[in-house]
Amino acid sequence: MGRLVAIVGRPNVGKSTLFNRLTQTRTAIVDDTAGTTRDRQYGKVDWCGKEFSIVDTGGWVVNSEDIFESEINKQVYLAIEEADVILFVVDAMNGVTDLDDHVANILRRSKKPVILVANKTDAGESRFNVPEFYSLGLGEPYSISSANGSGTGELLDEIVKDL
Ligand code: GDP
Ligand code: MG
């Protein structure tokens, strides 16, 4: 199926909104309630004539951080197994959380190519929190807004640069 890009990250950071933005569909379920996306959703993206597949992960139906950790582990290990590139989405409104640190540790150990994506930079002063994400040890964060699309062109350029 060509290149597969997996979107991972803790609930409510905007993974499904990003999936919809990149695939230009409304098929992933986006909701204010953490954990609304059921299971996994696959789509295709064409950027400047370069195609790749993308998967939105995260079927959480709970809202306790403890249960999230085991659920997120499953999704992250599956992404590491099946994907060629991982988009690790974090929330610039919140800054770094313990769960972000946890996921970053797994991803760093995996040696998979990871693109760190700081979402929701449209919201208030959140863009000023972005440098915090350097502490995750995954390189430079891409500042984006899945809601209004800012920064997603640069992100897409990076995803397809070696295709
Ligand atoms: P997921 O659980 O990671 O899939 O997150 P969702 O895509 O369902 O989004 C969770 C919430 O964050 C929803 O209320 C979205 O409207 C909101 N959201 C997602 N992306 C952005 C963004 O770029 N900016 C702002 N301000 N809100 C966003
Ligand atoms: Mg979702």
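I take helices (H or I, at least four residues) and strands (E, at least two) as DSSP runs, numbered from the N terminus. On that basis I find four helices and six strands in the protein, and reading along the sequence I note the pattern β-α-β-β-α-β-α-β-β-α.

Conventions, for the record. I am working with a predicted model, in which local features need pLDDT of at least 70 and side-chain atom pairs count only at pLDDT 80 or more, whereas totals for chains, interfaces and linings use all residues. Residues are numbered from 1 along each chain as its sequence is written, while chains are lettered from A and ligands numbered from 1 in the order in which they are written.

Sheet. I looked up the strand pairing, counting two strands as paired if DSSP finds at least two bridges between them, and I find six strands in an open sheet of mixed pairing, ordered β2-β3-β1-β4-β5-β6. β2 (41–47) and β6 stand at the edges with a single partner strand each, so one side of each has no neighbour in the sheet.

I then followed the parallel pairs. β1 and β4 are parallel and share four bridges, with Val85 of β4 as the bridge partner of Val5. Six bridges join β4 to β5, also parallel, and here Leu87 stands opposite Ile115 of β5. β5 in turn pairs in the parallel sense with β6 (residues 142–143) over two bridges, where Ser143 is the bridge partner of Ala118.

I recorded that β4, α3 and β5 make a right-handed β-α-β unit; the term holds if, with the strands pointing away from the viewer, the path from the first strand over the helix to the second runs clockwise.

Burial. I call a residue buried if 20 or more other C-beta atoms lie within 10 Å of its own, exposed if 12 or fewer, and partly exposed in between, with C-beta atoms placed from the backbone. Of the 163 residues, 37% count as buried; in β5 five of the six residues are buried, so this strand is largely enclosed by the rest of the structure.

Core. I define a nonpolar core as a set of buried Ala, Val, Leu, Ile, Met, Phe, Trp, Tyr and Cys residues joined through C-beta atoms within 7 Å. The largest one has 33 residues, and Ile7, Ile86 and Phe88 touch the most other members. β4 gives the most to this core, with five residues.

Contacts. For these I require C-beta atoms, placed from the backbone, within 7 Å. Leaving out residues up to four places away in sequence, I list among the contacts of Ile7 the residues Leu18, Phe19, Ile54, Leu87 and Val89.

Methods. Contact = placed C-beta atoms within 7 Å.
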